[in-house]
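Dear colleague,

Please find below the structure that I am handing over to you. My notes on it follow.

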Amino acid sequence: AGYMLWYHEQIHTNFSTTLQTMRLLMLMLLGAAAVVASFLLLYSLHETTAAPLYIHRLQTVMFKDQEVVHNDDISLCKILAPIPDNLSWIPVPFDERGDFSLGRPNHCQGPTGMGVDLKRCCVGQCRHPRHFIRRDNSAFEGLFVKPDMEGLVSMDTMLEYLHYFVQQKNLERGNNNTDNIHSNEQPPIIDTCVLWFIGDSLSQDQADAAVCKLINLGYEIPKPQACSIDEHRGQYGLRGTCEFTSQTSQYCPKVRVRYDWHDAKFHPLNRIDEAGPVIYNWGVWSNSPEKQLEWMEGFFRTLYNDFSKFSRPDRYDFMWREHEPQHFITKDGTYGGAVTKECGDAGVYKNYRNEAAIDFLQRNNIQIPVIKSFNALRPLHGFHTPGSGDCTHYCFSPWRFDLTWHGVAQGLRCRTRL
């Protein structure tokens, strides 16, 4: 009996010990699982927050690009969708209109506190200071339209592409040192994104729009005396170079917007701290395909060749921008001796100037991106100064320039090899 009692006590003791051991093992396993889960969570948060957002975004694009080029041999230009010729325009929601139309009716002052006259940034303001589309004009509401296109690149996203383009040129500068400096010195850092517009008054309008949009994105003008888009000789327009800085943007914290007339002379060793697109256009002065080809053979070829003399000319991505359609009430929208002071839908539009320019580029094997916009802008015949007879220049509406920012981004992607 004593032995049996002792035997049952031993079984109970061993069972209790085994149960405690199992409980301890379970606790250890649960603890280990918790540690692993915490590590994974912390690692995930570190990956999400430690590196800037653009690093992950660029990595995603990079892998996609490599796959496309390696497997399908498709140009990088195909990654961003082209602007469709039959693009539709839809109303801009009120919560997206922002502060582009600040001020009293018909007396908009534009953004203030910059030390620069920015009336040009008012919706409805035309090139001539005394020409604008009044708010009580039915055409005013028609200025608040935007492209109806999925994946359209706005300026803030375009600056991401430009930022990476500049950083790539920075990495290349040590391997391609053609700057006029001592051979054992490191080439100057390229730390400024440039948007350089060259051409006629329509290109100047594009530069003005870039100034307005950068201010809308929160950029500041450190030297306002050097940034002028106020009235000059009876017209608004940027003259020269405007410098911008941002304390918050991780893409292109330093930006230059520059406008030069088509026949400007450039010193080849200037501005060795910048990189970005040179956006060229000329067209509405040519009244025949022959005149446009003559222009391309003369002025464009000379200017394009001049850029090869620059220090590190590869810092600039030369692009051709299609000029906007004219909206004279004629058989094809061009002036053609129009006598009416009102603009309207011509129905049929001739694009012979852009077609002649692109034909010239192809025949001469000048492989530069083309920013498409002519066909997409045909519906905007209400964007001109009412009753002025000027059916060439467009009154200001910031959303139409998204076509330009998209085209610039597409061009930079074509040139950038990640």
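Predicted model: local features only at pLDDT ≥ 70, side-chain atom pairs only at ≥ 80, totals over all residues.

Residues are numbered from 1 along each chain as its sequence is written, and side-chain values use heavy atoms, with hydrogens and water left out. Helices (H or I, at least four residues) and strands (E, at least two) are DSSP runs, numbered from the N terminus.

Arg363 and Asp359 form a salt bridge, with their closest N and O atoms 2.9 Å apart. The term denotes a side-chain nitrogen of Lys or Arg within 4 Å of a carboxyl oxygen of Asp or Glu. The whole structure holds 20 salt bridges.

Glu274 forms a salt bridge with Arg256 (2.8 Å, N to O). This pair links distant parts of the chain, with Glu274 in strand 8 and Arg256 in strand 7, 18 residues apart. Glu274 also pairs with Arg258, at 3.0 Å between the closest N and O atoms. Arg258 and Glu274 are both buried (under 20% relative accessible area, with exposed over 50% and partly exposed in between; 1.4 Å probe, protein chains only). A network of salt bridges links Glu243, Arg256, Arg258, Asp273 and Glu274.

In helix 6, the buried residues are Gln292, Trp295, Met296, Phe300, Leu303 and Phe307.

With kind regards
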